[in-house]
Amino acid sequence: MKITTSRRISQIFFFVLFIWLCVVTTVGEKFWQIHGWLVNFFLYLDPLGAIGTALTTHKLYAPLFWSLITVILTILIGRFFCGIVCPFGALHQFVSHLAHGRKKTELITLHKYHKVQNIKYYILFAILIIAAFGKYSSLQCGLLDPISLLTRSINLLILPIIDNLAKISATSRFYQTSLLTLTVFLTFVLLNFYKPRFFCLYICPLGALFGIINRFAILRINRNLSKCTDCKLCNAHCQGSCQPAETVKLSECLLCFNCLDDCKFNAIDFDTADAKTGQVSPDLSRRGVLAAAFTGLLTLPALRLFGVSYKDNNLLRPPGAIPEKDFIKRCLKCGQCMRLCPTNVIQPAGIESGLENLLTPVMNNRIGSSGCQLDCVACGYICPTATIRPLTLAEKLGKGDFSSKGPVKIGTAYVNRSTCLPWAFGRPCLVCQENCPVSPKAIYTRPNSEPQNETTLLLPYVDANLCIGCGICQHECPVGSKGAIIVTPDGQSRENRLFL
Amino acid sequence: MTQNKISRRDFILRSTKAGISAATAAALAGLLYESNPAKISPQSGHIVEPMDYSVPPIAGKTISIVTGFSRSAAVTKAVELLGGMERFIKPGDNILLKPNVGFSLPPRVCATTHPELIAQTIKLCYKAGAKKVFITDNPINDPKSCFELTEIASAAQKNNAEIIMPRQDYFKSVTLKGAELIANWPILYEPLKKVNKVIGIAVVKDHKTSGASMLMKNWYGLLGGNRSIFHQDINKIIVELATLIKPTLVILDGTQIMVSNGPTGGSESDLKQTDTMIASCDQVAADSFGASLLGLTPDDLPYLVKAEKLGLGTTDYKSLNPLYAKLRE
C-alpha cells in the first residue's frame, strides 16, 4: 500500500471518529449517546489548549496531560497531527481536492510557498501573549484552535440543523450565535477555493505551534540531489506549500507524504539524512514577532474596553462554573457543554456578554426546553478543562455531605412587578410559583390587600435564600420577551453573596 | 479606430432575445401583482367537536375506590370492580394513555404518574386485547428528560407501549366548538387521532392556582404553545379541556398524594400516604373524591362545580354508589 493511501485512510478514520464523537455527545444511555464514549478525545490531544491553560493558570489540568503524546510525537517525527489526524485539516484537504483542477502545472503554481503563511505564527504569539498576561490573562485560543472551532461548528451548527430537519430530538435545538458559527465555518471552508488548505497554511495557531516544536524532528523530508531531476512534480500536491523541490520548509511540512508519492525517481525520502535541502525554522523576523507581541498586548485591554468585564459579574453561567476571573482563563470555547445540555439552556455568548467572553457558555432561560434541570450535572462532567466543575448531584442540590453548604446557586430570580400579570394587571397567574422545583418553594404568595371580585388575588414573591437561579420560572413565565420573572447572576455561589 | 458593427442577422437575434426576456419579466410581475397589503386577521383554526372516547355506561359501575398500598394490585382491582378492562377495550383497539409526565423528577417524589401504575395499566390493556398502547404528554420540563427520569419511558419500553414525544409537528391548531380559550390553539392532536380509546392517569397533587391538580387538570398536558397564559383563567381552561376530551376511563392515583409544594414537590416530605386508587368513567366524580383526600370539598374547586353545571359529570360521587374494596395488607 502506498504511504499516501494509508495517510488517507487515517484521515478518514479520524474525521469519522470526530463526527461520531460529536453525534454521541447526547445525554442518554443508548450506544449512540454519551454513555461511555470519550467525547473529549480530540480536545485532550490538542496541546494548544493545554499550553494556553498552563500559561493562564500555571497548572496543567489532568486530562490535558494527554496532549503530551501529541507534543512528543511531533518533536520526534514532525507535524503528523496536521497531516494525518486533524479532522479540520482533513476537511480542508478534501474540499481543496474538489475545488481545484488536476493540471500539474497549475497545481505547482497553486501550491507555491508564500511568506504570508507565517502569519499563523504571529497569531499564535498574540494568543500566547494574551494568555501570559499574568493576573489579567485571558484564554482566547479557542476562537481559532481548529479542534475547538470544528467541535463548535459541527455541534452547534451542522448537527442541530440535521437534528431539527430530521426531528431526532423531541424538541428543536437552538444556538444564538448561529450566524457567527456559520460565517466562520463557511469562510474557512470556502477559502480552500482560493488556496488549498488556506486555514492550515495561514491561520491555524495549533499548526504554528507544531511548526515551531518540530525543529528537532528526527525524521524529515529530504530531497536526494543525486537522484533529483529537478522536475518540480513534488511541489504539485504539497499540502503544506513547503516546496520540497526547492529548499523544503520543514516547519510547514504537514507530513502528507504526497511528494514521496509524486516523485518518479525516488529522490524524496522521509529519513534521518542530513537536511541540506531543508530549512528547519519558520521564516520569522524579529520585527514580526515584536509586532505580534505588541498586537497581543494591545488586544486584551482593547477587548476589555468594550465595558463588560469580569468585574461586572453580570454573566449567568452554568451551575458549577468557577469564579468569573478564573473562568475566562480556562474556557476553550469548545461548546461541548452547550451541545450536551439536555434542555438547551446553555448558549454560546454573543458580543453583548463582552468581547472577551464571546462563545463562552452562558444561560439563556428563554431558549431551550426548560431552564436548568434540577437533577442534572451534565455540563460539569463534559467540560474538558473543568471550567464548569464536575459537581455531584448531592453537591449541586446541597444534600448529604453538602447540606451545610446548601445548593449551588446559579443566580437569583426577580419578579418584575411592572410586567408581572398579578402585580401589574391584577390577573391571576402564579405559573412561576407552580414550577419552582425546589422544596420548599422559593416562590411564595401573599394575597393582594385589595380583594378582587369574589376570589382573592395571590401575588408572587421570591425568597432569595431559597432560590437557586435555575430559571425554570423565567422559562415558563407567560409574559413575552424576557418574562416578568428574571434570573440575574446576583448571589451566585461562585461569586460574592448578594446580601450583607 | 472604428469597430465593426454586428450583422443584421445578429442584431435581430439579439433583439428578439432581449424582447422575450423583457416580456417574461413584465408577465411575471403582472401575474404576481397584488394591490392590497396583506391583512392581519387571526385564523380560526381547525374547528373540532368534543372528542368522545367513552363506552356505554352501566348503572352502578361508574366509580370504584380501592384501598391498598400496592398500586398495581389496587388498579387491577379497581378496574375489575367496574367490569374489567374488557368492558372498556375491545380487541384491536388502539389505546392512548395520558399520564402526568410534567416534571423531570424521579418517581419517589410522586410529582408524576408512577411507572408501576403505568406498567400495570399497559398490561391490563394488552390482556384485554389492545392492538397498541401509546403514551403521550407535553411536559413542562424538557420532554426527553421527563419521560426518562420519571421512569415512564422504561415502563413503556418493558411493556411494549410506544411513547409519542410532543414533537412540534404533532400539534395542530384547533378551535373547540363553543369554547373561549381553546380557540385557534395548538393541541397535541396527532396521538389523539391515532387511537380510539383514551385513558387518563393522574396523581392527586396540591396546586396553588387551581386548588388541586388531578384528572381534569391533567389534560393540560395536551396543550401546546404559550399555554402559561391560561393560568389567568385556570378553571375555564380545565373545564374546556374536560369538554374536549371525553375519556374511556380515568385512573386517579391516591396512593401517595402531594399535600404541599405542589405540583412539583421534589421532596418526600411533601407527600402523604393515603393508599387509595380510583377508577372511574366520570372524571368529575373521581376528582371530587380525590379532593376529599386533600381535605377539600368540590366547592373549593370551582372547575368541578363548573364542569357539573355543564353536565360533564357529578361532584356528588356518593350518588353513583361507588364500589369499594379493601386489599389485604
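Predicted model: local features only at pLDDT ≥ 70, side-chain atom pairs only at ≥ 80, totals over all residues.
Q: What does B:Glu190 form a salt bridge with?

A: The partner is B:Lys193. Their closest N and O atoms are 3.7 Å apart.

Q: Where do B:Glu190 and B:Lys193 lie?

A: Both sit in helix α7 of chain B, residues 189-194. They are 3 residues apart, about one turn of the helix.

Q: And B:Lys193, buried or exposed?

A: B:Lys193 has a relative accessible area of 54%, so B:Lys193 is exposed.

Q: How many salt bridges over all chains?

A: The structure holds 20.

Q: Staying in chain B, what does B:Asp169 meet in a salt bridge?

A: The side chain of B:Arg167, at 3.0 Å from N to O. B:Asp169 is partly exposed, with a relative accessible area of 39%. B:Arg167 is partly exposed too, with 21%.

Q: Over to chain A. What forms a salt bridge with A:Asp283?

A: A:Lys249 does, with the closest N and O atoms 3.1 Å apart.

Q: Which parts does that pair tie together?

A: A:Asp283 lies in the loop between β4 (278-279) and α14 (286-305) of chain A. A:Lys249 lies in strand β2 of chain A, residues 248-249. So the pair ties together parts that are 34 residues apart in sequence.

Q: Is A:Lys249 buried or exposed?

A: Buried, with a relative accessible area of 15%.

Q: What links A:Arg317, A:Glu324 and A:Arg494?

A: A network of salt bridges.

Q: New topic: helix packing. At what angle do the axes of α8 and α12 of chain A cross?

A: Roughly 100°. The axes of α8 (residues 119-131) and α12 (residues 205-213) come within 8 Å. The angle makes α8(A) roughly perpendicular to α12(A), because 65 to 115 degrees counts as that.

Q: Which residues make the contact?

A: From α8(A): A:Lys120, A:Tyr121, A:Ile123, A:Leu124, A:Phe125 and A:Ile127. From α12(A): A:Pro205, A:Ala208, A:Leu209, A:Gly211 and A:Ile212.

Q: What's the split by class?

A: The contact has 9 nonpolar, 1 polar and 1 charged residues.

Q: What about α9 in chain B, how many of its residues are buried?

A: 9 of the 11 residues of α9 (residues 234-244) are buried, so the helix is largely enclosed by the rest of the structure. Among the buried ones are B:Ile234, B:Asn235, B:Glu240 and B:Leu244.

Q: What is phi of A:Arg197?

A: Near 55°, a positive value in a residue other than glycine. Most residues other than glycine have a negative phi.

Q: Where is A:Arg197, and is it buried or exposed?

A: A:Arg197 is in the loop between α10 (178-190) and α11 (198-203) of chain A. At 1% relative accessibility, A:Arg197 counts as buried.

Q: And phi of B:Asn160?

A: Near 70°, also positive. B:Asn160 is in the loop between α6 (152-158) and β6 (162-164) of chain B.

Q: Where's A:Leu233, and what is it in contact with?

A: A:Leu233 is in the loop between β1 (220-223) and β2 of chain A. Leaving aside neighbours within four places in sequence, A:Leu233 is in contact with A:Lys104, A:Ile108 and A:Asp262. A:Leu233 is partly exposed, at 25% relative accessible area.

Q: What separates the C-alpha atoms of A:Leu233 and A:Thr105?

A: 8.5 Å, with the two residues 128 apart along the chain.

Q: Last one: which domains does the assignment give for chain A?

A: Domain 1 covers 3-279 and domain 2 covers 409-500. Their C-alpha centres lie 49 Å apart.

Technical notes:
Residues numbered from 1 in each chain as written. Chains lettered and ligands numbered in written order. Heavy atoms only, no water. Axes fitted to C-alpha atoms, helices over the stretch in contact; angles between N-to-C directions. Helix = DSSP H or I, 4+ residues; strand = E, 2+ residues; numbered from the N terminus. Parallel < 35°, antiparallel > 145°, perpendicular 65-115°, else oblique. Contact = heavy atoms within 4.5 Å. Nonpolar A, V, L, I, M, F, W, Y, C, P; charged D, E, K, R; others polar. Domains from an automatic or database assignment. Buried < 20%, exposed > 50% of the residue type's maximum accessible area, 1.4 Å probe, protein only. Salt bridge = Lys/Arg side-chain N within 4 Å of Asp/Glu carboxyl O.
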